[in-house]
Amino acid sequence: MLYHILAVGDVVMEPGLRHLERHLRPLQKWKAIDFTVVNGENAAGVGLTRDQAERIYDAGADVVTLGNHAFGKSQIADFLEDAPWLLRPANYTGRAPGRGCGVYDLGGVRIRVLNLIGRCDLSWGADNPFTAADRNLERGQAELTVVDFHAEATSEKLAMGYYLDGRVSALWGTHTHVPTADERVCPRGTGYITDLGMTGSIESVLGIDPRQSVEGFLGGLPGRYRAPEGPAKLQGAIFTLDSATGLCTAVERIDVR
């Protein structure tokens, strides 16, 4: 049986949250989506609050993943322990609250969702994501497995794609907020895209007010992140997965404005 899995790129601040709330369920209906994973680590700019996590979940997400800003808002720590649908990177230290991998029911089929963080240019003291993937793929039973790899370097994401090709159903990259045009099914059957893009303001620099970003590059003090008002976009990808093989048959990029 074929299942349509929607992966949504990093939700950035209030414009991204509002756009997700407005467009996610119509998109799910239009594309006959069976399961949705949304990266929410920038909902507050840096991190997310419990209220923001619940808004993403209520908007239609089945799982909310995080990344290098997982603990940007310290109050999320307790909620990470309570909400099985909220994942932080699995290769964070074992002392970190929450979990990085979960198995969920998909109407008789089980889907494993694994959240990992890269180490190239992300100095967060994380364990090796490649060996962390090995460990987590040995835990529990699931017919389908998808991976949100939150990483900076395209080379690290591509390497992970080849490393897990044929071992997971789909792998997508998050973090850089710019969608890549390399969606494909890898040689051994894993669906792949280097980066989903983001859900946030169109006229922005990665979801942030352009004037603020320019000021920072000029050497000024831009202050707290601000999201510009105006039209927003929802970017991501749909992976068509075959439960009989556990592999991917098609990948489609999504951009809803």
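Modeller: A pocket is an open set of points, on a 1 Å grid over the protein atoms alone, where a 1.4 Å probe fits, with protein on both sides within 12 Å along at least five of seven lines; lining residues have an atom within 4 Å of a point. This model is predicted, so local features need pLDDT of at least 70 and side-chain atom pairs pLDDT 80 or more, while totals for chains, interfaces and linings use all residues. Residues are numbered from 1 along each chain as its sequence is written, and side-chain values use heavy atoms, without hydrogens and water.

Biologist: Which element gives the largest share of the lining of the second largest pocket?

Modeller: The second largest pocket holds about 200 Å³ and has 14 lining residues, including Arg88 and Asn136. Strand E6 (101-105) and helix H4 (129-137) each give two or more residues to that lining (helices of at least four residues and strands of at least two are DSSP runs, numbered from the N terminus). The largest share, three residues, comes from E6.

Biologist: Which residues of helix H2 are buried?

Modeller: The buried residues of H2, which spans residues 50-59, pack against helix H1 (13-30), strand E3 (35-39), strand E4 (63-65), helix H3 (76-82) and strand E5 (86-87) (heavy atoms within 4.5 Å). After H2 comes glycine 60, with a positive phi near 135°. Buried (under 20% relative accessible area; exposed is over 50%, partly exposed in between; 1.4 Å probe, protein chains only) in H2 are Gln52, Ala53, Arg55, Ile56 and Ala59.

Biologist: How many residues apart in sequence are the parts tied together by phenylalanine 71 and tyrosine 92?

Modeller: The structure holds six aromatic pairs (ring centres of Phe, Tyr or six-membered Trp rings within 6.5 Å; planes under 30 degrees apart are stacked, over 60 edge-to-face, the rest tilted). Phenylalanine 71 and tyrosine 92 form a tilted pair, 5.8 Å centre to centre with 40° between the planes. Phenylalanine 71 lies in the loop between E4 and H3 and tyrosine 92 in the loop between E5 and E6, so the separation of the parts in residues is 21.

Notes. Points joined across faces, edges and corners; volume = space filled by probe spheres on them.
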